Amino acid sequence: MSLRIVVCVKYVPDATGDRHFAEDLTVDRDDVDGLLSELDEYAVEQALQIKEAADDAEITVLTVGPEDANDALRKALSMGADKAVHVEDDDLHGTDALGTSLVLAKAIEKTGYDLVVCGMASTDGTMGVLPALLAERLNIPQVTQLSEVSVADGKVTGRRDGDTASEQLEAALPAVVSVTDQSGEARYPSFKGIMAAKKKPVESLDLEDLEIEADEVGLEGAWTKVEDAAERPARTAGTIVKDEGEGGKQLAEFLAGQKFI
Amino acid sequence: MAEVLVYVDHVDGAVRKPTLELLTLARRIGEPVAVHLGPHADEAAKVLAEHGAVKVLAADAPEFAEYLVAPKVDALQAAYDAVSPAAVLLPSSAEGKEIGARLAVRIGSGIITDAVDLEAGDEGPVATQSVFAASYTTKSRVSKGTPVITVKPNSAAPEAAPAAGTVEQLAVTVADSSKGTKIVSRTPRESTGRPDLTEAAIVVSGGRGVNGAENFPVIEALADSLGAAVGASRAAVDAGWYPHTNQVGQTGKSVSPQLYIAAGISGAIQHRAGMQTSKTIVAINKDEEAPIFDLVDYGVVGDLFEVVPALTDEVKTRKG
Ligand SMILES: Cc1cc2nc3c(=O)[nH]c(=O)nc-3n(C[C@H](O)[C@H](O)[C@H](O)COP(=O)(O)OP(=O)(O)OC[C@H]3O[C@@H](n4cnc5c(N)ncnc54)[C@H](O)[C@@H]3O)c2cc1C
Ligand SMILES: Cc1cc2nc3c(=O)[nH]c(=O)nc-3n(C[C@H](O)[C@H](O)[C@H](O)COP(=O)(O)OP(=O)(O)OC[C@H]3O[C@@H](n4cnc5c(N)ncnc54)[C@H](O)[C@@H]3O)c2cc1C
């Protein structure tokens, strides 16, 4: 029987751009070009490797995001995913982590799944909680923050490198996995992959399709409220010296002045 | 006064510093009640009491070590049911965030992660976050349910505040559905004897400019002269010159020490995301155009192999 893999991918503002908040204190998405979160490329890569090792598997990439988020899906499809699901609805604007996990969980259930693969964190919100939220909502095991992952005989195994120890984990499918950027470089889409992606199906879902009420998500329905967002003042220019033999000494002088020595 | 649950991060009863910071922040919004899961609660209770815990809810079950995250969520939920707190605080570690997230779903509450400060507000605690690689500072609060907030290390200076710290046993039933992810084996990390990266007051980091594992002792020697932790950029880690656990940045550790010294690091946005909130920033780089110099309080344009050993010698001399 086919292994159904759902990869959750997020469309995020480019971190190298000048990111801002809009007036309603949500992320200003018109301001900076968006892209597939680089950390989700690792999730797509591991899903592709799991598929390659399986007899029969199918990868669906799933995103919750505005119209442009389609770009993130196309990128994942051109890397080799089979099909895509895009949850898009005006009422989703301003959804927080709890709300996003609700929408993702419903969409995953509707799509059908044996394995859900996520990145370790998005590059904008950087919370790193979505995979755990999904495991809780779907009532399936979480096998998260993995630097190594494999799936065989209906089981997922992986290595989690924590602060104080490195752990070997194991869970029966279905399960939610998240992978770190140590899991292995993501492949580049080939020309053939890019051409093939154009023909791959992208299903579009809205809140009604998922039987979610508008007031459960969006800015109004959010469980959290941003009250203020202020641009951090640029650091005042520091002292910069050229080392002409005295650089180490001068630096020591500075550190002593600051009472670090 | 309202009670505030504080999730205790410890290694066999040795409480880690971020938890003491949480207790300090918790006192701004109520009375801290610590939740200690695992062995040696009595040892931990002493330290927790010295820092303001009015009560320590303790539970030990083999499941905490045998399965990932979920049994601890069951226990924290039991503590939540026993206390009805005004807020739940956890450290912003990978595990702390995951436990907090799952608890939030169960109790129907919002979650804020990576707070760098916390104050009481009219409508509940207000959390400060430093976002978009520290280019923005936001203030947020949980608007539904009991606030679940995870706090980054070094967000507050731990303050002593003696309290009763009475240990009470917490009855915990681990649900079968919480035994889904087995921890098959665990390899503890070897201690280097240096301070913990996220807790250290001073961090010295090396990047691609260090140019080889064999040169990292240059960085370590400076760190040791200052009593600092050693960090590394992802370029240095990916090249295999230093362990990944020492990586500073978006996908590594996020540090906020009193002093951060970057040697041979260009200052890419993902590196900055993990160190930009450091109080004082110093860089040594031979390229005067390196973006790291935009952040520094003091920068030396020069060869790190000249500057760093000279600095180390100078520190040693001055310290006697
Ligand atoms: C700067 C900033 C700070 C924020 N702080 C908070 C906060 O404290 N509390 C809060 O409730 N919300 C917060 N949000 C909102 C929150 O980030 C979004 O609601 C988001 O959809 C979920 O969190 P994340 O992107 O941080 O996910 P993470 O948990 O970091 O993402 C992990 C993985 O989940 C998957 N994923 C995440 N979002 C999507 C998506 N939309 N579609 C498909 N897959 C996805 C990806 O695989 C990703 O790699 C914040 C947003 C920003 C920009
Ligand atoms: C999704 C994602 C996540 C990432 N996460 C992280 C992260 O967590 N942490 C991180 O660090 N990076 C991260 N990166 C990588 C980041 O983009 C940079 O590639 C990386 O930080 C560069 O490391 P570096 O500064 O050591 O190397 P480089 O950018 O190559 O800079 C080396 C510097 O050393 C200087 N130098 C060379 N020789 C000497 C010498 N003898 N003396 C003095 N100076 C010298 C050079 O002038 C140069 O400025 C991430 C990237 C992505 C895409």
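Which residue has a backbone N or O atom that lies 2.8 Å from a nitrogen atom of ligand 1? Select B:Ile111, whose backbone provides that atom.

The model is predicted: local features need pLDDT of at least 70, side-chain atom pairs count only at pLDDT 80 or more, and totals for chains, interfaces and linings use all residues. Residues are numbered from 1 along each chain as its sequence is written, with chains lettered from A and ligands numbered from 1 in the order in which they are written.

**Ligand 1**

Next, select A:Asp96, where a backbone N or O atom lies 3.2 Å from an oxygen atom of the ligand. At A:Met127, a polar backbone atom is 3.1 Å from an oxygen atom of ligand 1. Taken alone, the ligand exposes 920 Å² (Shrake-Rupley method, 1.4 Å probe), and the protein buries 93% of that.

Now display the 31 residues around ligand 1, each with a heavy atom within 4 Å of the ligand. Those that come nearest are A:Cys8, A:Lys10, A:Asp40, A:Gly128 and B:Ile111. Because residues from chains A and B surround the ligand, the site is shared between chains. The shell divides into 16 nonpolar, eleven polar and four charged residues, with Gly counted as polar.

**The cavity**

Finally, turn to the one cavity of 30 Å³ or more. A cavity is a set of points on a 1 Å grid over the protein atoms alone where a 1.4 Å probe fits but cannot get out. Select its lining (residues with an atom within 4 Å of a point), which includes A:Ile140, A:Gln142, B:Leu68 and B:Arg102.

How values were computed: Side-chain values use heavy atoms; hydrogens and water are left out. A polar contact is a pair of N or O atoms within 3.5 Å; within protein, one must be able to donate a hydrogen and the other to accept it, and residues adjacent in sequence count only if both atoms are side-chain atoms. On a 1 Å grid over the protein atoms alone, a cavity is a set of points where a 1.4 Å probe fits but cannot get out, and a pocket is an open set with protein on both sides within 12 Å along at least five of seven lines; lining residues have an atom within 4 Å of a point. Grid points are joined across faces, edges and corners, and a volume is the space filled by probe spheres set on the points.
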